[in-house]
Each structure stands twice: as structure tokens, then as C-alpha cells.
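User: I have a model open and would like to learn how to read it. Could you take me through some of its features?

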Amino acid sequence: MLTRSIRDKWTERNSVLCVPEEVPIAISYGGSSHAVLMATPDDLVDFGIGFSLTEGVIENISQIRSVDIVEGDLGIDLQISLVDDVNEMLRARKRNMAGPVGCGLCGIESIDQAMRTLPDLSSIRFQICHEAVVAATAKLYGAQKLHRETRAVHAAGLYLPEIGLVAAREDVGRHNALDKLCGHAIRSAVDPHRGAVVVTSRISVEMVQKTVMLGCPVLIAVSSPTALAIRTAEAAGVTLIALARGEDFEIFTCPSRVVPH
């Protein structure tokens, strides 16, 4: 269920307000829970695959055997089966954890993992023009069906200048929306080197990390980035464009990829 309608008793006109669903989603590998996130229960296969990629559990989709959606009374369990060598590597990583820490990132066991080394995308030869940046945000806005109904969710899209917006995903959490988009992209064999990720939220470091793990050289946001997000994008060779509203935007890193026409 995507939305639940409730009566607004504070209005004289018996209007109906749509609100998004939010449920606990457990992501499990080999029968062991890895993370639990609050998310919109939609596009869950994309979610599981995308989370696995962006959190470094897998390198490509061939390392996932299956994704099973198991619904319970209190939430949903995404049971992900990995190929044997990847599953063993994940088990070893859990055995070697020094102890639980509260760093606030799902599936992260240490501060070193939170500040992980990312691939370098600076060699990707891709350029995007001013008009395409403007079009990307406009197209994403038009694709936000759940947002139009609820005004309460984030969206992430993948924009290829020669094609347009090839996919968009929505969720109550901005990280979840991006994970869902990444999962769809690798399931569809879309080349992320040829386009830009565009999001409706602010840019924290995790949003940059997930974009880099997808392999996309450009990240466009309607809101502002954090200082750490800017430093991370610069180090990874990602062009970070933010405050993209209407015809205006600011380029924070790697500006050579943005051309006038």
C-alpha cells in the first residue's frame, strides 16, 4: 500500500488527505538481518538490490541470486540470497567487527566504514549542458506521483541527456529513494556513466557515496550540500550541482563537466 487516506476533522469540508505509508524494512543476507530501515513499501526489489550495491555488499547484480519479499505483521523482510563467495565475505566482515558503535549509518560497523574510500570517477568523460540540468529537475518533478498525492516524500531520478529521465523512484527517506533508483538502474543495465542522478533533497555525504557507488559522474539536487558532501564529491571526481531551481543552480565541484550548450 502506497498511501492511506484519513479524514481531516479540522476542516469544514470533509476533505480526504493522502499520507504515505512508512514501515520497517529489514534487509537480510543468508538469513541474518543486516539493517532495518523505515521506508515506503514500494519497489522493494529495487530497494534491496540498490542498498546492496551502494553499501558495498555487492559489486554487480550477478552476485545476487534472489530477492524474496516476506511480509510480517510488523514489517517486511527483504531476504537476499548472495553467491557463496560474497556471502562468506559478508559473514567475515561481521565476525571481525570490533564492537557496536552508534555512527548512525545503516549496516555500518565502524567510523572507518562510514568514511570509506570510494572509486574515482574523475576519468569519466561526460558533459552536461545548462539546459539539461534544468530539464532534469523539471522532469523529476513531473514524475513524482506520490509526492503530488502526499507532499511528504523524496524522489531520485536518473537523467540521460540523449534520452531524458529514464527512471524515478520515491520514498519517505531520501537515501531509500536513491537506493531504489540505483537498484532499478543496474537491473535495467542502464549505463550510469552517461547521465546524472537528480534528487529532491539536500545532499549529505551518504547521497554522494551512493551516487559514486552507482558510477554516476554528476549529482544534481534542488537543495544544499553539506561541507563533507562537497569534499567527498571533489575527492571522488563527481560534479556536484545543487540549489537547482528553475533556470538557476550552483556548481560546487568538478565544473568542467557542465557546458553552456
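User: Where does Cys254 sit in the chain?

Analyst: This is a predicted model, so keep that in mind throughout. Cys254 lies in the loop that links strand E13 (248-251) to strand E14 (258-259).

User: How should I read its backbone angle? What is the phi of Cys254?

Analyst: Start with the general idea. Most residues other than glycine have a negative phi. Now the case here. Cys254 is not a glycine, yet its phi is positive, at about 45°.

User: Is Cys254 buried or exposed?

Analyst: Cys254 counts as buried, because its relative accessibility is 16% and the cut-off for buried is under 20%.

User: Which residues does Ser52 touch, leaving aside neighbours within four places in sequence?

Analyst: Ser52 is in contact with Tyr29, Val57, Ile58, Ile64 and Ile80.

User: Now the sheet. In what order do the strands run?

Analyst: Read across the sheet, strand by strand. The order is E4-E3-E6-E5. These four strands form an open sheet, and their pairing is mixed. Strand E4 (32-39) and strand E5 (64-71) are the edges, each pairing on one side only. From one strand to the next, the twist averages 20°.

User: How many bridges join E5 to strand E6, and in what direction do the two run?

Analyst: There are seven bridges between E5 and strand E6 (residues 76-82). The two strands run antiparallel.

User: Which residues meet where H7 contacts H8?

Analyst: From H7, Val205, Val208 and Val212 take part. They meet Leu228, Ala229, Thr232, Ala233 and Ala236 of H8. By class, this contact has seven nonpolar residues, one polar and no charged ones.

User: What does the whole chain look like in numbers?

Analyst: The secondary structure comes to eight helices and 14 strands. The chain has 261 residues, of which 47% are buried. Next, look at contacts between residues at least 6 apart in sequence. Of these, 49% join residues at least 24 apart.

User: And the confidence? Where is the pLDDT below 50?

Analyst: Begin with the average. The chain averages a pLDDT of 89, and 86% of the residues score at least 70. Over residues 5-14 the pLDDT is below 50, and this stretch has eleven contacts in the model beyond near neighbours in sequence. Residues 96-104 also stay under 50. For residues 96-104, the model has six contacts beyond four places in sequence.

Terms used:
Residues are numbered from 1 along each chain as its sequence is written. This is a predicted model: local features need pLDDT of at least 70, side-chain atom pairs count only at pLDDT 80 or more; totals for chains, interfaces and linings use all residues. Side-chain values use heavy atoms; hydrogens and water are left out. Two strands pair if DSSP finds at least two bridges between them. Axes are lines fitted to C-alpha atoms, for helices over the stretch in contact, and angles run from 0 to 180 degrees between N-to-C directions. Contact means heavy atoms within 4.5 Å. Ala, Val, Leu, Ile, Met, Phe, Trp, Tyr, Cys and Pro count as nonpolar, Asp, Glu, Lys and Arg as charged, and the others, Gly among them, as polar. pLDDT is the predictor's confidence in each residue, from 0 to 100. Buried means under 20% relative accessible area, exposed over 50%, partly exposed in between (1.4 Å probe, protein chains only).
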